[in-house]
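Subject: Structure handover

Hello,

Here is the structure I promised to pass on. My notes follow below it.

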Amino acid sequence: MPLDYPADPFFAVTHAAPYDYYRRLAEGPPLRFDAALDCWLATGAAGVRAVLEHPACRVRPAGLAVPHNLAGTPCGAIFAELVRMNEGERHAVPKQVLAHALGQVDLARLQGRAMHLAGDRVPDSAAQLNDAMFELPLFAMADLLGFAPAQWPALAAWTRAFVACLSPLSNAEQLAGAQVAADALLQSFSRLLREGDARPGSLLAKVVAEADALGWRASGGVLANLVGLLSQTCDATAGLLGNAVVALRTQADLLPQLRAAPQLWPAMLRKVGRHDPAIHNTRRYTEEDVEFNGVRVPAGQMIVVVLASAGRAESGFGHGRHVCPGQAIAHAIATACLQAWADGLEDMPLAWSYLPSLNARIPVFGPGEMK
Ligand code: HEM
């Protein structure tokens, strides 16, 4: 086995070539206790699905709705309301509202808008590509939500600062920046809501209308989940874009095929989502003793759900009640960006490694040898 073979699922996320490791994980038992990590691993399509479908496998540990270091802060106030971080009533209706509102988005129009925005910002260096991968999806979402173009750069910068509060790798300075950003994001959304200047037909207007229709009255919850739409877009869509750029660089026949048949872009991105996904794992916590095919996991345990070991049938967008409601939107935006950028990137010297993360695979590009 090579010396740098991934030691565990967290190392694998940013490893240059982790997929043999994930294949081996999938060949083992669907659920196992990892003594070194002191937690359970759910692997392979069967293990991943069983845990994500299980009602007693919750997104937060019992009694700890908000991590200790965020309690009583602006980040904590958002965290506490996010559909991603809740179960039961605080999840079901808000999730339905978001999924309905996102489902009404005119994807062809969004793709056209994103293509236009991305065409104005074709990266001409690795550094510009690194920024554009994050910014363009956030600009497209801010536009969709109803923010004016002058606000997009600040919203994108705050979103990138805010997501630091969701990573255990963030330092004190990043956490402090996340708090400032959380306040600024909440204020931006409340202003947009209060002033009623959300464009009619905007995603923000759709979320508010759906919330009214389904009786979701908690305005703080709506605000927090609007911020959540930006934060969920941020790292994951940057990862999809970056991993697609890597695919174009490592598979020489791809770009000529896509040029000859641009209608194949969405299929190419779906393939990237299965073969080199942006999100490699997620976590669940057992609320009570749970049994999977004879393996008993006691209450109060953490299970690392290794999405990237679920094999190529899975889409990279999760499964079960917390499945991603933004998949079609992410694909529309990513298709537009790649189509607008592919020609410009073709001859750019690029090398890459991965941003430090325990769950998201996001390339960071530098000037380097042509692959
Ligand atoms: C390529 C881009 C994306 C990927 C790979 C991705 C992946 C995921 C995954 C794996 C989950 C499930 C997490 C879990 O079960 O623990 C999730 C949840 C979620 N995603 Fe995405 N996502 C992407 C883009 C987006 C976008 C653009 C939006 C918003 C428009 C979005 C909104 C959400 C929301 C709100 C949730 C929480 C759903 C719930 O808890 O019920 N995502 N995403």
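Arg-312 counts as partly exposed because its relative accessibility is 48%. Here buried means under 20% relative accessible area, exposed means over 50%, and partly exposed is in between (1.4 Å probe, protein chains only). Arg-312 sits in the loop between strand E7 (302–305) and helix H14 (327–346). Helices (H or I, at least four residues) and strands (E, at least two) are DSSP runs, numbered from the N terminus.

Before you go on: this is a predicted model, where local features need pLDDT of at least 70, side-chain atom pairs count only at pLDDT 80 or more, and totals for chains, interfaces and linings use all residues. Residues are numbered from 1 along each chain as its sequence is written, and side-chain values use heavy atoms, with hydrogens and water left out.

Charge patch

Iron site

The loop between E7 and H14 also holds Cys-324. Its SG atom is the single protein donor to the iron atom of the ligand, 2.3 Å away. Donors are N, O and S atoms within 2.8 Å of the metal (3.2 Å for Na, K and Ca); water is not among the atoms, so sites may look incomplete.

Salt bridges

How many salt bridges does a search of the whole structure find? The count is 13. The criterion is a side-chain nitrogen of Lys or Arg within 4 Å of a carboxyl oxygen of Asp or Glu.

- Glu-287 and Arg-58 pair at 3.7 Å, N to O. They are 229 residues apart: Glu-287 is in the loop between strand E4 (282–286) and strand E5 (290–292), Arg-58 in strand E3 (residues 57–58). Glu-287 is partly exposed at 42%. Arg-58 is partly exposed too, at 24%.
- Arg-90 and Glu-81 form a salt bridge, with the closest N and O atoms 3.5 Å apart. Arg-90 is partly exposed, at 43%. Glu-81 counts as partly exposed at 25%.
- Asp-343 and Arg-259 meet at 2.8 Å, N to O. Asp-343 lies in helix H14 and Arg-259 in helix H12 (residues 254–260), so this pair ties together parts 84 residues apart in sequence. Arg-259 is partly exposed, at 41%.
- Asp-20, Arg-23, Arg-24 and Glu-27 form one network, joined by salt bridges that share partners.

Best wishes
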